[in-house]
Amino acid sequence: MNKNVGIVIVSHSPDVARGTADMVRQMVGDDVPLAWCGGNPDGGLGTSVPDILAAIDRAWSERGVAVLVDLGGAETNSEMAIEMLPEERAGRVLLCNAPIVEGAVMAGTEASAGSSLEDVRRTAEELRPA
Amino acid sequence: MTNDAAARGRLIRAMAERLIAHAEELTALDQAIGDGDHGLNMKRGFETVLAQADTLAEQPLPEALSGIGKTLVMRVGGASGPLYGTLFLTLGKTLPAEPSAADWPSALDAAVAAVKARGKSDAGQKTMLDVLVPVLEDLKRGGDGLPGRLATVAHAAAEATVPMRAVRGRASFLGERSVGHMDPGARSSALLVDAVVAWLEEKA
């Protein structure tokens with residue numbers, strides 16, 4: 001069981017998601033469970049609910065998972081995925097209202113310090129546009 | 001009426017074929033004010049629905065509608081997946097196994113409320129709700145001319161999104177420049193209403 005909160009990155013573009021994950025990984029190494037997804041079910045730009053569910057599964061931590069998204073569709077699809085989680089995981093995945101790259105790096109750093117899911121989200125959201 | 005599999009199959013195909021046939025038009029509308037993926041996204045979702053039409057039609061109507069919703073959620077790939085998915089899932093959850101005409105206003109009421117919650121939106125923001133809300137209100141009003149009247153209401157409502165300014169979704173980035181174009185989600189909702197009304201009239 002991982003002792004740190006996990007991070008999931010959801011972008012319309014797989015390149016953006018992977019690049020963002022690389023940046024987080026460089027900051028926090030393997031201390032934080034980390035997964036990304038990007039692209040619609042046919043591989044074009046967009047997001048996919050099954051892919052988001054799979055990414056949450058890969059980054060799963062008993063302490064919870066923070067999800068970072070880019071644009072509106074990624075947010076709506078992530079909210080839908082979070083609602084579809086099995087009951088035992090409900091309430092332990094939170095969406096962060098923050099810019100994807102900066103938010104993921106901040107969330108990853110906070111998570112690597114062993115902070116709670118709520119603290120991880122709060123730190124990411126300090127970057128929220130006013 | 002909705003208790004026979006053949007009729008349910010016709011309804012499912014009517015909705016799917018209508019959306020697929022208008023995919024390019026929806027894409028063109030979305031290119032004007034969004035990211036241009038609405039047509040392809042709806043097409044991908046409804047092509048899967050079409051492929052499942054026989055299996056879906058064998059189930060009672062609420063389960064069939066929930067099945068459509070689940071497929072749209074999993075396959076569409078844009079915000080319209082969860083939004084239309086929620087509409088169908090909520091109809092499926094709310095309708096009784098053998099719905100009568102009287103069950104539809106309250107079921108659509110619940111479904112439209114769920115779409116509002118999912119999109120954190122309401123009528124007047126240049127979205128699909130600008131069609132769904134007036135259609136719901138007209139359905140609740142009842143009286144003569146249903147269901148045909150609903151298609152007229154839906155098309156007028158989609159047309160009425162042209163001068164609106166978007167405040168939700170990608171179109172909101174354009175601000176004033178979103179004015180002057182029909183909302184693609186409003187258009188796809190009107191197309192769905194069309195398909196359902198045509199199906200009801202064919203049966204009548």
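Helix α4 of chain A covers residues 100-112 in this predicted model. Its 13 residues reach 18 Å from the first C-alpha to the last, close to the 18 Å expected at 1.5 Å a residue.

**Helix α4 of chain A**

- The buried residues of α4(A) are A:Ile100, A:Gly103, A:Ala104, A:Val105, A:Met106, A:Ala107, A:Gly108, A:Glu110 and A:Ala111.
- What do the buried residues of α4(A) pack against? Their partners in chain A are the strands β1 (6-11), β3 (65-69) and β4 (93-96), together with the helices α1 (14-28) and α5 (117-125).
- Just after α4(A) comes A:Gly114, which takes a positive phi of about 85°.

**The sheet of chain A**

- Chain A has an open sheet of four strands in the order β2-β1-β3-β4, with parallel pairing.
- Which strands stand at the edges? They are β2 (34-38) and β4 of chain A; each has a single partner strand, so one side of each is left without a neighbour in the sheet.
- On average, neighbouring strands of this sheet are turned by 20° against each other, direction ignored.
- Strands of a sheet pair through backbone hydrogen bonds, either parallel or antiparallel.
- β1(A) and β2(A) pair in the parallel sense over five bridges, and here A:Ile7 has A:Leu34 of β2(A) as its bridge partner.
- Five bridges also join β1(A) to β3(A), again running parallel; A:Val8 has A:Val67 of β3(A) as its bridge partner.
- β3(A) and β4(A) run parallel and are joined by four bridges, and the bridge partner of A:Leu68 is A:Cys96 in β4(A).
- Helix α2 of chain A (residues 49-58) packs on the sheet and touches β1, β2, β3 and β4 of chain A. The direction of α2 makes about 170° with that of β2(A).

**Strand β1 of chain A, buried on both faces**

- In a regular strand the side chains alternate between the two faces of the sheet.
- In β1(A), A:Gly6, A:Val8 and A:Val10 point one way, while A:Ile7, A:Ile9 and A:Ser11 point the other way, and all are buried.
- Why is β1(A) described as largely enclosed by the rest of the structure? Six of the six residues of β1(A) are buried.

**Where chain A meets chain B**

- The contact takes 14 residues from chain A and 15 residues from chain B.
- On the chain B side, the elements that give two or more residues are α3 (38-51), α5 (61-75) and α6 (80-94).
- The residues on that side of chain B divide into five nonpolar, five polar and five charged.
- Two packed helices are described by the angle between their axes and the distance between the axes.
- Helix α3 of chain A (residues 72-83) and α6(B) have axes that come within 8 Å and cross at roughly 45°. That angle makes α3(A) oblique to α6(B).
- By class, the contact of α3(A) with α6(B) has three nonpolar, three polar and no charged residues.

**Backbone details in chain B**

- Most residues other than glycine have a negative phi, and most peptide bonds are trans.
- The peptide bond from B:Leu146 to B:Pro147 is cis, with omega near 5°. B:Pro147 has its place in the loop between α8 (129-141) and α9 of chain B.
- B:Lys120 has a positive phi near 45°, and B:Lys126 has a positive phi of about 65° although it is not a glycine.
- Both lysines sit in the loop between α7 and α8 of chain B.
- Are B:Lys120 and B:Lys126 buried or exposed? B:Lys120 is exposed, with 11 other C-beta atoms within 10 Å, whereas B:Lys126 counts as buried, with 29 C-beta neighbours inside 10 Å.

**B:His155 in helix α9 of chain B**

- B:His155 is found in α9(B), which covers residues 148-159.
- B:His155 counts as partly exposed because it has 17 C-beta neighbours inside 10 Å.
- B:His155 and B:Ala186 are 31 residues apart in sequence and 8.8 Å apart in space, C-alpha to C-alpha.

Definitions and conventions:
Residues numbered from 1 in each chain as written. Chains lettered and ligands numbered in written order. Predicted model: local features only at pLDDT ≥ 70, side-chain atom pairs only at ≥ 80, totals over all residues. Buried ≥ 20, exposed ≤ 12 C-beta atoms within 10 Å, placed from the backbone. Expected span 1.5 Å × (residues − 1). Contact = placed C-beta atoms within 7 Å. Nonpolar A, V, L, I, M, F, W, Y, C, P; charged D, E, K, R; others polar. Axes fitted to C-alpha atoms, helices over the stretch in contact; angles between N-to-C directions. Parallel < 35°, antiparallel > 145°, perpendicular 65-115°, else oblique. Pairing = 2+ DSSP bridges.
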